[in-house]
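I opened my notebook to look through one structure. The entries below record what I looked up.

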Amino acid sequence: MGRNHISHSDIATWAADRVNLPQETASKFREQARGVREKIEKYLSEHKEFTLKKILLSGSLAKGTALRSLNDIDMACYISGADVPRDIQTLLKYLAERLRKAYPNFSSDQIKPQTYSVTISFRGSGLDVDVVPILYNGDPDWYGNLVSQDDGSFLKTCIPRHLEFIRKRKADNQTHFAQVVRLVKYWKNNMKQENEDFKFKSFMIELILAKLADDGVDFSDYPEALQHFFTYVAETHIRERIVFTDYYSLSDVGTFTEPVQIIDPVNEENNASKLYTNSQADTIWEAALGAGDAIDSALAAPTKDKTIYYWQKVFGPSFQI
Ligand SMILES: Nc1ncnc2c1ncn2[C@@H]1O[C@H](COP(=O)(O)OP(=O)(O)OP(=O)(O)O)[C@@H](O)[C@H]1O
Ligand SMILES: [Mg+2]
């Protein structure tokens, strides 16, 4: 049977070699982010009126769920002050100007506004740092209005609590939670390559997996954990509301009208999947059905070649054992 040809530990080894961002690379990038943070902190300590109040690593590098294919370092920057522009383009220009103050030796083309963020390019070394603004009003828990990287709207949320939320799931399921997240993200990227209409936000994948982990699904066998994920999406058509009670109670959650309802674990009013249409949700559902069938076939396949053939339907041609 296919499980004898490709086992859980084969998937784990392949993931370590091909899917995960290597530990040393991650450390190097985190070091680079620390450099940026220290620069801003130093400038702020010398200029109390400076409106960039805090900058921190966010996104997959902060959560320990980054893939090898990571192509920038996400940081979130808290900006406060009465004269901070609300218009997105003006806000990005404002942020770029302030970052340039902290980096007086950088040329202006090294600190540039993009569509919904500002990039800092470090010549020669490392990756670009992508700085996402958060409008901040002094909340002690660091809630603020994050500029959505999907459509530039403001989302009330809390990055430190997102990190804490994921950290908790990782602690409850050491190694395996983060690994399964990375495998599902790898599948997602493969689907995206095959179909340009396919989209499935990494944050949504993490939240679905967090729900399954909280419900007691065992993540320690990767083929099975993947199968749980795909079965969940297939059975619910990704139309079941997902909520968490780490930071609010169920009774606080109102009603939503969007087809996909995966609610931000730190703000009960923010649907993290609000931009997904019925048609996009159906595309995810179909892809999950296909992946589930392929894994079933892989686990039952009579030869190693056949087993690889089916796993490649999930992970693409780069899957090799
Ligand atoms: N709709 C949202 N509401 C609230 N916060 C969000 C939302 N979308 C993203 N975030 C925040 O941005 C972070 C980054 O999420 P995102 O889905 O862009 O990818 P990622 O975890 O960096 O993965 P990768 O870049 O590897 O695909 C999340 O961890 C979360 O803190
Ligand atoms: Mg990211």
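My notes cover pockets, cores, rings and a few loop residues.

**Ground rules.** I am working with a predicted model, where local features need pLDDT of at least 70, side-chain atom pairs count only at pLDDT 80 or more, and totals for chains, interfaces and linings use all residues. Residues are numbered from 1 along each chain as its sequence is written, chains are lettered from A and ligands numbered from 1 in the order written, and side-chain values use heavy atoms, with hydrogens and water left out.

**Largest pocket.** I looked for open space first. On a 1 Å grid over the protein atoms alone, a pocket is an open set of points with protein on both sides within 12 Å along at least five of seven lines, and a cavity is a set where a 1.4 Å probe fits but cannot get out. Lining residues have an atom within 4 Å of a point. The largest pocket holds about 1,300 Å³ of space; a volume is the space filled by probe spheres set on the points, which are joined across faces, edges and corners. I found 44 residues in its lining, and Asp74, Gln149, Lys201, Ser202 and Phe203 lie nearest the centre.

Which helix gives the most to this lining? It is H7, with 4 residues. Helices here are DSSP runs (H or I, at least four residues), as are strands (E, at least two), numbered from the N terminus. Among the other elements that supply at least two residues are strand S2 (73-79) and helix H8 (202-214).

I then sorted the pocket lining by class: 15 nonpolar, 15 polar and 14 charged. Ala, Val, Leu, Ile, Met, Phe, Trp, Tyr, Cys and Pro count as nonpolar, Asp, Glu, Lys and Arg as charged, and the others, Gly among them, as polar.

**Cavity.** My search of the whole structure gave 1 cavity of 30 Å³ or more. The largest cavity holds about 40 Å³. Its lining includes Ile208, Tyr232 and Arg239. By class, that lining has 6 nonpolar, 1 polar and 2 charged residues.

**Cores.** A nonpolar core is a set of buried Ala, Val, Leu, Ile, Met, Phe, Trp, Tyr and Cys residues joined through side-chain atoms within 4.5 Å. Buried means under 20% relative accessible area, exposed over 50%, and partly exposed in between (1.4 Å probe, protein chains only). The largest core has 57 residues, and Trp187, Phe200, Leu209, Phe229, Trp311 and Phe315 have the most contacts inside it. Another core lies apart from it, with 37 residues, among them Phe29 and Ile40.

I followed Phe315 next. Leaving out residues up to four places away in sequence, Phe315 touches Trp14, Leu183, Tyr186, Trp187, Asn190 and Leu226. Contact means heavy atoms within 4.5 Å.

**Rings.** Rings of Phe, Tyr and Trp (its six-membered ring) pair if their centres lie within 6.5 Å; planes under 30 degrees apart count as stacked, over 60 as edge-to-face and the rest as tilted. I get 24 aromatic pairs by this rule. Why is the pair of Tyr309 and Tyr310 edge-to-face? Their planes stand at 75°, with centres 5.0 Å apart, so the pair falls in that class. Phe315 returns here, in one aromatic cluster with Trp14, Tyr186, Trp311 and Phe319.

**Loops.** Thr175 sits between H6 and H7. Thr175 has a positive phi of about 65° although it is not a glycine. Is Thr175 buried or exposed? At 59% relative accessibility, it counts as exposed. His237, in the loop between H9 and H10, also has a positive phi, about 55°. At 33%, His237 is partly exposed.
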